[in-house]
Amino acid sequence: MSLTKYQYNEDSCTYEAIEPTLAQRFRRGLMYFLGATIVATIGVLAVFKYFPTPKEIAYNAERHLLNEQWAYLSIEENNIISALQAMQVDDEELREILELDSLSLQIRNAGIGGSEILSNEEIKKLIFKNQVVEQYKKIAKLKAQLSIQALSFDTLTKYAEDRNWNWSHIPAIQPVSHKELHRLSTVYGMRLNPVLKRYMPHRGFDFMADRGDSIYATADGKIIMARMTMGGFGNQIMIDHGNGYKTRYGHLQRGNAFAVKEGDEVKRGQLIGFMGSTGRSAGPHLHYEVIKNGKQVNPIGYFQVELNPEAYEKMLLLAKENAAPMD
Amino acid sequence: MARIKYIYNTETCQYERVSISAWDVALNLLGFLTVALMIAIGILLVFNRYFESPKEIVLRKENEELKLHYDILDREMTDVQEMLHNLKERDDNVYRLIFEADPIPSSIRTAGAGGSNKYKDLLNKDLIQEDLIIDDFNRLDKLKRQMYIQTKSYDEIIDLALHKEEMLAAIPAIQPINNKELTRLASGFGLRIHPIYKIKKMHTGLDFSAPRGTPIYATGAGKVKKAQNSYRKTGYGNQVEIDHGFGYVTKYAHMQMITVKKGQEVKRGDLIGYVGSTGGSTAPHCHYEIIKDGKKIDPIQYIIQDVTDEEYQKLLDLASRENQSLG
């Protein structure tokens, strides 16, 4: 108010100018601001009773995101559970094939405890107790089940590996090729020794073919003998298969008999030497023995199917012809 | 101010009363409110920066909790995914040890009988004529299947027409064991790795792996031509052959026990024995062959009844994998 204001003084009958002092002006200003502040405060409180504050808006947005993340945890879990179940089905099938007992439900559900990740005090302080604890429990359960399945697979792996090792280390094929075989003597037991002309035990099979024909290892193993011997077997090879079984191959040819040396590791079907007639022998043939735990056994039980069942039948027919042994 | 105020009008040289119009009141009020507003904004800014309302505190604490535990659970989930991955490798490893081939990709494995709709993703693409399109695909599948069956010769078709019903009942048309889940077909017809020799040899039938004692059924009507027990550890073991006429003979090998006699008449679906592992077999299974006019043919084409097109496709996929036979 730039204009001066006047008051009418009834006593002096004159108009007097109103000049508020500095103090008065200050007090007036202060009251004004105080009033404004009170109004402001009331206004703010009133407004934010019904509307969210900026921080609240931010927190709510964050919460929305967090809720989605938590929901996603559940989806991931379900995927994992499906995958785990598929593997449990595999486990059952593999056990069926390996002829092992299936895991009982008891074993599958063992080791599923509570949520060990959180302590009891921590749980008590939680705001979303149920939600959080439930999730920890689910994860703990998944981990336990996965561990059990891993152990099971390890068992199956070891079993399958052992089984494979056993099969590859048991004599199972003919040491001489079917194509080169002329005659076969499967006489196991007492027979007339053609060289010494008296009855003696013959503890192996005689495979007759030509001098120089290939001889193969009948199972995986280690060559423990590949040299000339004086006992009647001439140039002979012995393989130790590591499971109590050894095989002997006798009368290999005079020169260049061996395709392996002592200490070599061989696989079933590997060329080990060449047929001959060294030692006490009436003609070129391979004397083949299967030795189990130190004692010779009848090799007839150690031939699996060569090419097909018919070929095997043929081999047995040959055997039935009962060629006289050559040593 | 209760007292009346006057201003001096310099033009009329008189003192005049100050009149307060409504406009003045409004302007003053507006000014006041503006100041209040600015103070309010000031309060808001200060509060937002330095203080928290109770509601904000609660929201913040809740979010912090959710975030903290989500992070932990997320890490746990990553661990679990890692465990699952390792598990899958172990699973595949056991499979490889047994079959010497890579396992069935899970897309074929989990798409089980009637389970997932093969054309599901077409549905999800929101095609307009999706029903028509899916119909077309299904019809194509049917046609493809039918083409496989048209490997019969012209003579056979004449024969079929003339002896239709008899032939339909006699010709092999089902799987020899209950294989609803389609998971039992382990090895198909063709070159397969021999389990003992570890070389590829011709596998002249289908291998269905199943636990010992699983029933085996005649796949078509006929007369039992052979019902032979064998104690040898090689060859077909305990086997049954059925003559169906029309040039067809089926063979079932490695059985545990035979429940029919030579000369017996059987119908499709009749029990003929139980799954075993006799003969040259490395795991209990039914080795199933079809011999047409003296020649061994692929039995997969003679699984016609009781399978949907999807199931048949899955069987084809399983049979064509080049893995290791079971014996």
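**Exercise 1. Describe the confidence of chain B, and state which of its elements has the lowest mean pLDDT and which the highest.**

Solution. Chain B has an average pLDDT of 80, with 79% of the residues scoring at least 70, where pLDDT is the predictor's confidence in each residue, from 0 to 100. This is a predicted model, in which local features need pLDDT of at least 70 and side-chain atom pairs count only at pLDDT 80 or more, while totals for chains, interfaces and linings use all residues. Residues are numbered from 1 along each chain as its sequence is written, and chains are lettered from A and ligands numbered from 1 in the order in which they are written.

Next, take the elements, which are DSSP runs numbered from the N terminus (helices, H or I, at least four residues; strands, E, at least two). Among those of chain B, the lowest mean pLDDT, 47, belongs to helix H3 (residues 106–110), and the highest, 95, to strand S11 (residues 265–266).

Finally, over residues 107–118 of chain B the pLDDT stays under 50, and the model has 14 contacts beyond four places in sequence for them, a contact being two residues whose C-beta atoms, placed from the backbone, lie within 7 Å. Where pLDDT is low, the predicted coordinates should not be read in detail.

**Exercise 2. Work out how many residues of chain A are in contact with chain B, and which element supplies the largest share of that side.**

Solution. In the model, 64 residues of chain A are in contact with 60 residues of chain B. The largest share of the chain A side, 21 residues, comes from H2(A). By class, that side has 39 nonpolar, 12 polar and 13 charged residues; here Ala, Val, Leu, Ile, Met, Phe, Trp, Tyr, Cys and Pro count as nonpolar, Asp, Glu, Lys and Arg as charged, and the others, Gly among them, as polar.

**Exercise 3. Determine at what angle H1(A) and H1(B) pack.**

Solution. Helix H1 (residues 22–50) of chain A and helix H1 (residues 22–50) of chain B pack at about 60°, with their axes 8 Å apart; axes are lines fitted to C-alpha atoms, for helices over the stretch in contact, and angles run from 0 to 180 degrees between N-to-C directions. That angle makes H1(A) oblique to H1(B), because angles under 35 degrees count as roughly parallel, over 145 as roughly antiparallel, 65 to 115 as roughly perpendicular and the rest as oblique.

Among the residues that meet in this packing are Ala36(A) and Val39(A) from H1(A), and Phe32(B) and Ile39(B) from H1(B). The residues of the contact divide into 11 nonpolar, 3 polar and no charged.
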